[in-house]
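Me: I would like to learn how to read a single-chain model. Please take me through it feature by feature.

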Amino acid sequence: MLTVEQVMASQKASIETLLGLTSKAFEGVEKIVELNLTASKAALAESAEHAKAMLSVKDAQELMALQSGLLQPLAEKTAAYSRHLYDITTGSTAELSKAFEGQAAEAQKKFMGLVDNAAKNAPAGSETAVAVMKSAVAAANNALESVQKAVKQATDAAEANFTAVAASAVDATKPVSKKR
């Protein structure tokens, strides 16, 4: 049976974990806001420079050269922004996942302790029920591990696809800007 002190310690640990996770989530949001502010300032400055350059154009050929010269850097900057945003979100997600995995492992350990304690205090003849309970817990643990592995594989595949798509987008603008 749990004592009041054990319940209070568990609640305190849960609150500390929640506060830590909240702090990590806010750190990720702060990084995204900082990235967006930096990107917005750069885009504003580049727009002003582009507008000034457009005002100094003397003919259509110069205008076409100016426009085509903007396409490649824009694609590269967009890819860099997307990559940075992806890095921030995956970093934050990884930290949160690690914390959740740690909490899940601790909860599993405590639950197995309770099952073992219940098994020790179980009346004679209930060995089958205890064995079924332990088997169910083991199956749940195996399922959780399988899900975690699948999520890791899916994350790795998504990252590889993201990198490939970003590279393709940047490469696709190179021939276009050279043709003009």
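Reply: Start with accessibility: a residue is buried under 20% relative accessible area, exposed over 50%, and partly exposed in between, with a 1.4 Å probe and protein chains only. Glutamate 30 is exposed, because its relative accessible area is 55%. This is a predicted model, in which local features need pLDDT of at least 70 and side-chain atom pairs count only at pLDDT 80 or more, while totals for chains, interfaces and linings use all residues. Residues are numbered from 1 along each chain as its sequence is written, and side-chain values use heavy atoms, leaving out hydrogens and water.

Me: What is the mean pLDDT of the chain?

Reply: pLDDT is the predictor's confidence in each residue, on a scale from 0 to 100. Here the chain has a mean of 81, with 93% of its residues at 70 or more. Where pLDDT is low, the predicted coordinates should not be read in detail.

Me: How many helices and strands are in the chain?

Reply: Both are DSSP runs numbered from the N terminus: helices are H or I over at least four residues, strands are E over at least two. The chain has three helices and zero strands, so its order from the N terminus is α-α-α.

Me: At what angle do H1 and helix H2 pack?

Reply: Axes are lines fitted to C-alpha atoms, for helices over the stretch in contact, and angles between N-to-C directions run from 0 to 180 degrees. H1 and H2 (residues 60-120) pack at about 175°, and their axes are 10 Å apart. That makes the pair roughly antiparallel; the classes are roughly parallel under 35 degrees, roughly antiparallel over 145, roughly perpendicular from 65 to 115, and oblique for the rest. The contact of H1 with H2 has 15 nonpolar, nine polar and five charged residues. In that scheme Ala, Val, Leu, Ile, Met, Phe, Trp, Tyr, Cys and Pro are nonpolar, Asp, Glu, Lys and Arg are charged, and the others, Gly among them, are polar.

Me: What radius of gyration does the chain have?

Reply: The radius is taken over C-alpha atoms, and the globule rule is 2.2 Å times the number of residues to the power 0.38. The chain has 28 Å, whereas a compact globule of 180 residues would have a value near 16 Å. Its C-alpha atoms fill a box of roughly 95 × 30 × 10 Å along the principal axes. Of the 180 residues, 11% count as buried.

Me: Is tyrosine 86 buried or exposed?

Reply: Tyrosine 86, in helix H2, counts as buried because its relative accessibility is 15%. Contact means heavy atoms within 4.5 Å. Leaving aside residues up to four places away in sequence, tyrosine 86 touches Thr155, Ala158, Glu159 and Phe162. Its C-alpha atom is 9.9 Å from that of isoleucine 32, 54 residues away along the chain.

Me: What share of the contacts with a separation of 6 or more joins residues 24 or more positions apart?

Reply: Such pairs account for 75% of those contacts in the chain. Sequence separation and spatial distance can also be read pair by pair. Glutamate 30, in helix H1, and isoleucine 88 are 58 residues apart, with their C-alpha atoms separated by 10.0 Å. Threonine 90, in helix H2, is partly exposed at 27% relative accessibility. Between threonine 90 and alanine 164 there are 74 residues in sequence and 17 Å in space, C-alpha to C-alpha.
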